[in-house]
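Subject: Structure handover

Hello,

My notes on what was found in it follow below.

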Amino acid sequence: MLVVTCVTLFMAMLDNLVIGVALPSIQTSFNAGMSDLQWFMNAYTLAFAVLLIPFSALGERFGRKRMFLIGVVLFTLGSLASALSDSSLLLTLSRALQGVGAAAIMPISLTLVNGAFPPEKRAAAIGIWSGVSGLGLSVGPLVGGAIIEGAPWQAIFWINVPIGVLAVLFGMRWLKESKGERKPIDPLGITLLGAGLFGLVFGMVRGNDEGWGAFSVWGPIAGGVLLLIAFYGWERTRKQPFVQFKHFRERNYSAYLSAGFWLNAGIFGAIFLLTLFLQQAQGYSALGAGVREMVWTACTMVAAPLAGLLVGRFGSKRVLLFGLFLQLVGLIGIALVIIREGAIFPFGYIVPLMMAAGAGMGFSFTPLSHGLLSSVEEKAAGEASGLSNTARELGGVFGIAIGGLVFASGSAIATPNDFGDHLVPALFVFAAMIALGFLSVAFFVRNDRSKTAAVEAKGDAEKGTLSGAELRG
């Protein structure tokens, strides 16, 4: 089960960014304009962000295994259609279909992992899941660069097809069907939520290209906010709402959602600009930059499973705070190196800082997922997973948009040192976002392990299994 979910998750997360390094080749192949290139990236992001919560709800009602496998089929068909595309429009639509499939794979895979393992092994399993998720996102440029070096751009999509087929075959055999709370279908609620999220994401991904004062940017964002307010009002009138807003009264639940948003805003915005920095300022090729980013991603992969073991000992809160702190050290440290050395310096100067930031990602993803799922009852795990991934996806889009705005402000970029001068304030903004996540956890999250221990002690006391001395201890 873990192999099927993690391999499929890696494939879906990889395709978030793998197309980036192939854009020049695709542009030449289709004679595509800049707007087309943006939509090759954004079609996936839009479909993915908008449908995370609806697919989570459908999985709870109709079966998690069933909806997960449907997601794998859709993603595989989207990959096949992308590889066979002969026009910009067809590639954009195919990328959107990939995003639809990924929106089912991401949250439902976490719910399947959470439900398949007993509590004492759950954190370690989620650690592996988190490490694979972070690795897929992070090595996208590396994998894309390696493939483009020796094959046509279609190969980055062809590689998904056999993996998807095998995932469906093994998933049918190894995955066990499970369901959550069977809520009635709410077409109006789903429409309001989807349209609202679409407006937010659509506006944010276009902000830096169109200008934040353009109606085509702030109009969709404002419309998205109004639709989400309407969604909240509509859900409050229903006996079985699509989203259980009562969960937001639980401090841990709300704090983990907030921390996930700020974590992705800071860290993925930073990865986006640092990838450009390695290529455009320091002169590395796409493959060369991807290889150097492995310093970051390898630490993420190692730290995430380790974090799963530490959560059982120290609790989600402490492990998450440690991970966020490491990311602050990494981002602020890289900014200080650029201030001192300029944009051109030996790569070894920032290796320890990239390692710290990468390990911090690994130590953050696992306790975020485990802590959030631990804050709600088992039957609400699917909804919590969908909301968590939606918040983090919105955070990533927000971070890239705001970081790009800060980066682009000021004088024109004509030299590598100009690039460094623009990057430094953006890195400090990303660090501030991480700090907001740190504060959310530090002040509002109760340590999950302590809470669990107290509940267990209370239950044992009621059964008469603890002595008075043990209870006092």
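Helix 12 and helix 16 cross in a right-handed sense. A crossing is right-handed if the near helix is turned clockwise from the far one by less than a right angle, and left-handed if anticlockwise. Some ground rules before the rest. This is a predicted model, with residues numbered from 1 along each chain as its sequence is written, and with local features needing pLDDT of at least 70, side-chain atom pairs counting only at pLDDT 80 or more, and totals for chains, interfaces and linings using all residues. Side-chain values use heavy atoms, with hydrogens and water left out.

Helix packing

Two packed helices are described by the angle between their axes and the distance between the axes. Helices are DSSP runs (H or I, at least four residues), numbered from the N terminus. Axes are lines fitted to C-alpha atoms, for helices over the stretch in contact, and angles run from 0 to 180 degrees between N-to-C directions.

Back to that pair. Helix 12 spans residues 251-281 and helix 16 spans residues 381-408. Their axes come within 6 Å and cross at roughly 40°. That makes helix 12 oblique to helix 16. The cut-offs: under 35 degrees is roughly parallel, over 145 roughly antiparallel, 65 to 115 roughly perpendicular, and the rest oblique. By class, the contact of helix 12 with helix 16 has 15 nonpolar, eight polar and three charged residues. Here Ala, Val, Leu, Ile, Met, Phe, Trp, Tyr, Cys and Pro count as nonpolar, Asp, Glu, Lys and Arg as charged, and the others, Gly among them, as polar.

Helix 12 also packs with helix 17 (residues 416-444), at about 165° and with the axes 8 Å apart. The two are therefore roughly antiparallel. Their crossing is left-handed. The contact of helix 12 with helix 17 has 24 nonpolar, eight polar and one charged residues.

Next, helix 10 (residues 187-210) and helix 11 (residues 215-236). Their axes come within 7 Å and cross at roughly 160°. So helix 10 is roughly antiparallel to helix 11. Helix 10 passes helix 11 in a left-handed crossing. Their contact has 17 nonpolar, seven polar and three charged residues.

Individual residues

Contact means heavy atoms within 4.5 Å. The contacts below leave aside neighbours within four places in sequence.

Ser 56 sits in helix 3 (residues 34-62). At 3% relative accessibility, Ser 56 is buried (under 20% relative accessible area; exposed is over 50%, partly exposed in between; 1.4 Å probe, protein chains only). What does Ser 56 contact? Pro 107, Gly 382 and Gly 386. The side chain of Ser 56 also reaches the backbone nitrogen of Gly 386 at 3.5 Å.

Gly 59 is in helix 3 too. Gly 59 is buried, with a relative accessible area of 0%. It touches Arg 64, Met 67, Ile 108 and Ser 178. Gly 59 and Asp 86 are 27 residues apart in sequence and 34 Å apart in space, C-alpha to C-alpha.

Ser 385 belongs to helix 16. It is buried at 1% relative accessible area. Ser 385 is in contact with Pro 107, Leu 110, Thr 111 and Leu 373.

Trp 296 lies in helix 13 (residues 286-314). Its relative accessible area is 3%, so Trp 296 is buried. Trp 296 touches Ile 267, Ile 271, Leu 274, Leu 331, Met 354, Ala 357, Gly 358 and Met 361. Of these, Ala 357 is 61 residues from Trp 296 in sequence. The C-alpha to C-alpha distance between Trp 296 and Ala 357 is 6.8 Å.

Best regards

How values were computed
A polar contact is a pair of N or O atoms within 3.5 Å; within protein, one must be able to donate a hydrogen and the other to accept it, and residues adjacent in sequence count only if both atoms are side-chain atoms.
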